[in-house]
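Take a look at the structure below. Keep it at hand while you read.

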Amino acid sequence: MLIPLLEHELQNLLKSRRIYLTVTMFLLLFATVFIVRAIDFQKQINQYNDDVMLNDKDLREATNYSQIKPRAIQKPIIFSIFNEGFKIPRVITIQYYEPITNTMTLNEETNLLYNESTQLDITFLITFFLSLFILLISYDSVNGEKQVGTLRILMTYPLKRQSFILKKTLGVFFFVALTFTIPYFLSIMGITYHFVNVLSLNFFLSAIFYWFLVMLFIMFFSLLGIFISCCTTNPNRSLVYCLLVWIMFSIVLPISWDYIIAPRLYNDTLTQLSQGYRDKIMQAQRIMYNDVPDEANINLVGHMNWSGRHFFYETNVAGWKATHEQHHRYQMYIYENYFPVTRDAEQAYDEIQRKRIYMENVRNWVFFYNPIVLFNSLSAQITGNSREDLLRFLHTTRELRDELVNLGVSEEWLLDSRFFIMYELETDVMYNITDQYDLFMLIYEYAGGHGPLEDFFNEIGEERAVGYLQEMVSQQERYNMVLPRFRRYEQPIYTFSEIFARILQYLVVFVVSILVLWVMTWRKFLGFDVR
Amino acid sequence: MLKITDLSKRYEDGNLALDNLCLEIRRGKIFTLLGANGAGKSTAINIICGFIPPTGGDVWVDEISLSENPLLLRCKIAYLSENVMLYDNFTGYQNLKFFADISKIPATKGNKATNPAMKFNLIKVLRDVGLQDEFIHENISKYSKGMRQKIGIAIALVKDAPMLLLDEPFSGLDPKASHDFQALLYKLRNDGKTILMSTHDIFRAKEMADVVGIMQGGKLVMTKTRTELESEDLNRIYLDYIEERVVMENEE
């Protein structure tokens, strides 16, 4: 019984001119947004390749640890074509003496939560335009039929009222689902063809989940349009109601939450957390540059400089040993005071992010009936560019850093004297000491091409000086070891069950809200005056 | 065939549209309901069709009760409204095909679901009701009112319901179309269909009806058969009832 009804409904829709206009508009929008996003993704890929090449070049050319600057490079998420999601920083430099945090500034961070809705991607297209289109197709599906008069005849047939509602819903649903599915799978095919070397199974899993979610979204809005259509007998009025509901769902409710309710609820906490983070960073900077006690203050015997690649201390050879010891004290001080605070700063940053995730969850539970909000966050979860993924990225980066630490790189390195660099090594002095030419060449290279050795020799005597030099050479050998192979950070690949687990709770809410809406529509139509 | 007992309907606004209406129509008869606007003719038809629920009483068609088995009762009736409105985007044939497809009688205890419309040749039915061949595959939007009525009758025919409910079918038809339609209804009656028709057209009512009923204030105040009416002036009687002269006399 349902099949002829459905067939008829689809034919009826296909013969309506309004539908063609709507579909054409949607297809145009889809194509435009897709092409823009695909071009953007190609740019991201190019940038990523450049970054990787730069990083590899650094690693290849480095002769010691001070010359490398390992980076965690985020591989662009191909699904960002469909869902831009949360903006994750592209490159994070793994520094041993500074906290690994988001590279965005604090000002941007505090406003980020409220700026997310401006992203133009397929998800925006679906939540903003497709919802409107569905309502524009379905607003008069019941009362329009009553107005034409066919509903009276239909109701003298042995049809249950549920079947009629089901026919209407499925008609709109199939139509819109087809309108979305065809360009969607075409675009997936286009991506498969064009970006074949960056594809993974994850992409196709996400694509299927995403499609499924869109189907639920379409189902909800088809039902909503039909529910509104049952609420009044005048199609003009139901059109106005539909527009009102759409404005409420897509604009008024989410924005009033973001700009009015959420700030009232969370601004204090967020400000407090941000302030805590800022304080930790300030404290770390103070420890690093200002609060150094005299016995550890390297500036008392030399000057700390920034070479563009790393810090070094300018000193003259006369104070070489004293400076060396001073430097060691300074590094011990950093190790004991600065490092714990930077770890605290990282923790504080994570707290902010966790609070934001909590806020998003609360938002989702508050708007459990609003598929626009749910779809936005669920699609970000599926495509792997949610705020959780940012945290995951940061944590993986820290793991990478700890891996380096375990290799004996960072803290130990910091305690060593490689930052201790002599200046103004004059080439003629070096050439005069011919018998130790090779040794001096090594020292010269090791010291980065600085330092008057002559004064040094004069002051402490040749024997002791040679002893120092040999010690330095042994250290140099120590650092000229083969560099560890840094693993390249990549977006973690989610399994089917992992993605499913991430979205399960809201998926259940989604499905339940559809069922509730179905029952409401059905009850409403039972009381609908078909005369 | 059709039996209405103590049917009453009070709307939410307190208006009593039907006041214990009792009515019986035997098989193969044309029953015409006359009455002023608001007398309850349309309400009665709406209740029989299941558009609105009654507040009291019951309706039986072929021993099937409206209150007990509303879905099955719908298989027994075919309804033709004042303006037969169909799906404008479809041709006459496609409309008929659709309604034929959905006129399946649902399965009951011991009976499988059947579709009585399957035994009809739809094109032939359309020709039988007098639709010109060139219009069969033409969009409904190009049809005249008379042609729509013909499609409506065709739809009622393929539903194969023994009972036809017509709500002011003659209003707005030109004389030729009215004549054709009347001939069509006679033919249906001769085929054994029972017809309940509400109308304002007293002369056509007298001409066509086997039984005429006059409704006033939600009640059936008079029923007279064709033979009883032959010598009387129906117009006179109708006006008497409408202006409540008879009722007053009775009360006195």
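The model is predicted. Across all chains, a search of the whole structure turns up 28 salt bridges. A few of them deserve a visit.

Start in chain A. Asp350(A) and Arg398(A) join their side chains in a salt bridge, at 2.8 Å from N to O. Asp350(A) belongs to helix H10 (residues 320-366) of chain A, and Arg398(A) to helix H12 (residues 387-406) of chain A, so the pair ties together parts that are 48 residues apart in sequence. Are these partners buried or exposed? Asp350(A) has 2% relative accessibility, so it counts as buried. Arg398(A) is buried too, with a relative accessible area of 8%.

Now move to chain B. Here Arg27(B) and Asp62(B) form a salt bridge, and their closest N and O atoms are 2.8 Å apart. Both residues sit in loops of chain B: Arg27(B) between strand E2 (16-25) and strand E3 (30-35), Asp62(B) between strand E4 (56-61) and strand E5 (64-65). The pair therefore ties together parts that are 35 residues apart in sequence. Arg27(B) is partly exposed, with a relative accessible area of 47%. Asp62(B) counts as partly exposed at 23% relative accessibility.

Lys193(B) forms a salt bridge with Asp160(B), with 3.9 Å between the closest N and O atoms. This pair links distant parts of the chain, 33 residues apart. Lys193(B) lies in the loop between helix H7 (175-190) and strand E8 (194-198) of chain B. Asp160(B) lies in the loop between helix H6 (145-159) and strand E7 (163-167) of chain B. Lys193(B) is buried, at a relative accessible area of 10%, while Asp160(B) is partly exposed, at 29%.

Return to chain A for a network. Salt bridges link Glu9(A), Glu145(A), Lys167(A) and Lys168(A). Glu9(A) is also among the buried residues of H1(A).

That helix is worth a check. Helix H1 of chain A covers residues 2-14, 13 residues in total. At 1.5 Å a residue, H1 should span 18 Å. Its end C-alpha atoms are 18 Å apart, so the two values agree.

Which residues of H1(A) are buried? They are Pro4(A), Leu5(A), Leu6(A), His8(A), Glu9(A), Asn12(A) and Leu13(A). In an α-helix there are 3.6 residues a turn, so residues three or four places apart point the same way. What do the buried residues of H1(A) pack against? In chain A, they pack against helix H2 (17-61), helix H4 (122-138) and helix H7 (161-194). They also pack against helix H3 (92-102) of chain B.

How values were computed. Residues numbered from 1 in each chain as written. Chains lettered and ligands numbered in written order. Predicted model: local features only at pLDDT ≥ 70, side-chain atom pairs only at ≥ 80, totals over all residues. Heavy atoms only, no water. Salt bridge = Lys/Arg side-chain N within 4 Å of Asp/Glu carboxyl O. Helix = DSSP H or I, 4+ residues; strand = E, 2+ residues; numbered from the N terminus. Buried < 20%, exposed > 50% of the residue type's maximum accessible area, 1.4 Å probe, protein only. Expected span 1.5 Å × (residues − 1). Contact = heavy atoms within 4.5 Å.
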